[in-house]
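Welcome! Take a moment to look at the chain, and then let's walk through it together in questions and answers.

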Amino acid sequence: MIILGIDPGYAIIGYGIIDTNKTNMVVDYGAITTPKEDSLPVRLQAIDESLKYLFDKFKPDVVAIEELFYFKNQKTVIQVAQARGVIVLACQKYCANIYEYTPLQIKQAITGHGRAEKGQVQYMVKAILGLSAIPKPDDAADALAVAICHSQTSPMLNTNRV
């Protein structure tokens, strides 16, 4: 099963793709970036077009998205929420198998501790996927963590059921 993990944002959207048929083999990871000088509608369109490209190229079976968490800056949370809406709509259009995880759930699945620090999560992503270095940018590492979380917690992928 090919899982696309997404770390939502509007300036940087992390993505990570793993193939669970190959023991969580990394297929690809990176970030969609939008120029800060562009207007929000132009940035949202770029996000949609970039996601369409990823869906066309990798044909994921499932999408796992990190849920939003509380932001102190209300302007930022509104823009991220708008971008997240575009991301969820694109996922619905191109895949429709969408799962959402809180940061706590992701940290718990990756490190065994829901309050783990960012560095601990990144280290475990590197270790779990057998990578030679922590994925960069941080948003890509976060997206891979979301994909790993889904692979470890999804009932349909759990082969150890009794």
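Predicted model: local features only at pLDDT ≥ 70, side-chain atom pairs only at ≥ 80, totals over all residues.

Q: Which cysteine sulfur is nearest to that of cysteine 91, and how far away is it?
A: Cysteine 91 is in no disulfide. Its nearest cysteine sulfur belongs to cysteine 95, at 7.2 Å.

Q: How far from cysteine 149 is the nearest cysteine sulfur?
A: Cysteine 149 counts as buried, at 1% relative accessibility. This cysteine is in no disulfide either, and the nearest cysteine sulfur, that of cysteine 91, lies at a distance of 16 Å.

Q: How many salt bridges are counted?
A: A salt bridge is a side-chain nitrogen of Lys or Arg within 4 Å of a carboxyl oxygen of Asp or Glu. With that rule, the total is five.

Q: Which helices do lysine 93 and aspartate 48 link?
A: The side chains of these two residues, lysine 93 and aspartate 48, meet in a salt bridge (3.6 Å, N to O). They sit 45 residues apart and link distant parts of the chain. Helices here are DSSP runs of H or I with at least four residues, strands are runs of E with at least two, and both are numbered from the N terminus. Lysine 93 lies in α2 (residues 74-94) and aspartate 48 in α1 (residues 40-58).

Q: What is the relative accessibility of aspartate 142, the partner of lysine 118?
A: Aspartate 142 and lysine 118 form a salt bridge, with their closest N and O atoms 2.8 Å apart. The pair joins helix α5 (residues 138-153) to helix α4 (residues 118-129). Lysine 118 is partly exposed at 41%, whereas aspartate 142 counts as buried at 14%.

Q: How far is glutamate 66 from the nearest side chain of opposite charge?
A: Glutamate 66 lies in strand β4 (residues 62-66). For charge, Lys and Arg count as positive and Asp and Glu as negative, while His and the chain ends are not counted. Glutamate 66 is buried yet has no salt bridge, and the nearest oppositely charged side chain, lysine 118, is away by 7.1 Å.

Q: Within what arc do the buried residues of α1 fall?
A: The buried residues of α1 are Arg43, Leu44, Ile47, Leu51, Leu54, Phe55 and Phe58. The arc is that of the directions from the helix axis to the C-beta atoms. Seen down the axis, these buried residues line one face of the helix, because they fall within an arc of 115°.

Q: Which exposed residues sit on the other face of α1?
A: This face is turned away from the buried side of α1. Its exposed residues are Pro41, Tyr53 and Lys57.

Note on methods:
Residues numbered from 1 in each chain as written. Heavy atoms only, no water. Buried < 20%, exposed > 50% of the residue type's maximum accessible area, 1.4 Å probe, protein only. Disulfide = S-S within 2.5 Å.
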